[in-house]
Amino acid sequence: MLCILDFAKAFDKVGHKHLVEKLKWYGIDGSVNRWIQSFLADRKQRVVVEGTSSAELDVTSAIPQSSVLGPCLFSTLHQ
């Protein structure tokens, strides 16, 4: 039996404000919480297709998947 799970879309659905509140609920507050907020803040995204770019948009949800911290933050929400 083989089970394949794709969490890519789930990572994209996590709202930053919800994550920060959940971390506070777990007792992660103060400078560590502010550091995580800074890690998530001021992120932008745009799409480039054949050299043409869309306008940049603010990213208010999603956990960066290419980081060590990303899976830890994601699992915090689902405990």
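Biologist: Why is Trp-25 called exposed?
Modeller: Its relative accessible area is 67%, and exposed means over 50%, so Trp-25 qualifies. Keep in mind that this is a predicted model. Trp-25 is found in helix H2.

Biologist: What makes a nonpolar surface patch around Trp-25, and which residues belong to it?
Modeller: Trp-25, Tyr-26, Ile-28 and Val-32 make it, and the patch covers about 410 Å². To join a patch, a residue needs over 30% relative accessible area; Trp-25 has 67%, so it passes that cut-off.

Biologist: Thanks! Staying with H2, which of its residues are buried?
Modeller: The buried ones are His-16, Leu-19, Val-20, Lys-22 and Leu-23. Seen down the axis of H2, they fall within an arc of 160 degrees, so they line one face of the helix. On the other side of H2, Lys-17, His-18 and Trp-25 are exposed.

Biologist: And what follows H2?
Modeller: Gly-27 comes after H2, and its phi is positive, near 95 degrees.

Biologist: Why is the pair Glu-21 and Lys-24 called a salt bridge?
Modeller: The closest N and O atoms of Glu-21 and Lys-24 are 3.8 Å apart. The cut-off is within 4 Å, so the pair counts as a salt bridge. The two residues are three apart in helix H2, which means about one helical turn separates them.

Biologist: Are Glu-21 and Lys-24 buried, exposed or in between, and how do you know?
Modeller: Glu-21 has a relative accessible area of 48%, and Lys-24 has 35%. Buried means under 20% and exposed over 50%, so both residues count as partly exposed.

Biologist: How many salt bridges does the structure hold?
Modeller: It holds two. The other pair is Lys-44 with Asp-58, whose closest N and O atoms are 2.4 Å apart. Lys-44 lies in strand S1 (residues 44-45) and Asp-58 in strand S4 (residues 57-58), so this pair ties together parts that are 14 residues apart in sequence. Asp-58 is exposed, at 54% relative accessible area.

Biologist: What about Asn-33: buried or exposed, and how do you know?
Modeller: Its relative accessible area is 1%. Buried means under 20%, so Asn-33 is buried. Asn-33 is found in helix H3. Leaving aside neighbours within four places in sequence, Asn-33 is in contact with Val-20, Leu-23, Lys-24 and Ile-28.

Biologist: What makes up the largest nonpolar core?
Modeller: It has eight residues: Val-14, Leu-19, Leu-23, Ile-36, Leu-40, Ile-63, Leu-73 and Phe-74. Helix H2 (16-25), helix H3 (30-40) and helix H4 (69-77) are the elements that give two or more residues to this core.

Biologist: Which residues does Leu-40 touch?
Modeller: Not counting residues up to four places away in sequence, Leu-40 touches His-16, Leu-19, Ala-62 and Pro-64.

Biologist: Stepping back, how many helices and strands does the protein have, and what is their order?
Modeller: There are four helices and four strands. From the N terminus on, they run α-α-α-β-β-β-β-α.

Biologist: How many residues are there, and what share counts as buried?
Modeller: The protein has 79 residues, and 24% of them count as buried. The protein exposes about 6100 Å², with carbon and sulfur atoms supplying 56% of it.

Terms used. Residues are numbered from 1 along each chain as its sequence is written. This is a predicted model: local features need pLDDT of at least 70, side-chain atom pairs count only at pLDDT 80 or more; totals for chains, interfaces and linings use all residues. Side-chain values use heavy atoms; hydrogens and water are left out. A nonpolar core is a set of buried Ala, Val, Leu, Ile, Met, Phe, Trp, Tyr and Cys residues joined through side-chain atoms within 4.5 Å. Buried means under 20% relative accessible area, exposed over 50%, partly exposed in between (1.4 Å probe, protein chains only). Contact means heavy atoms within 4.5 Å. The arc is that of the directions from the helix axis to the C-beta atoms. A salt bridge is a side-chain nitrogen of Lys or Arg within 4 Å of a carboxyl oxygen of Asp or Glu. Patches are made of residues with over 30% relative accessible area and no salt bridge: like charges are joined within 9 Å, nonpolar side chains (Val, Leu, Ile, Met, Phe, Trp, Tyr) within 5 Å. Accessible areas come from the Shrake-Rupley method with a 1.4 Å probe; for residues, only the protein chains shown count as cover.
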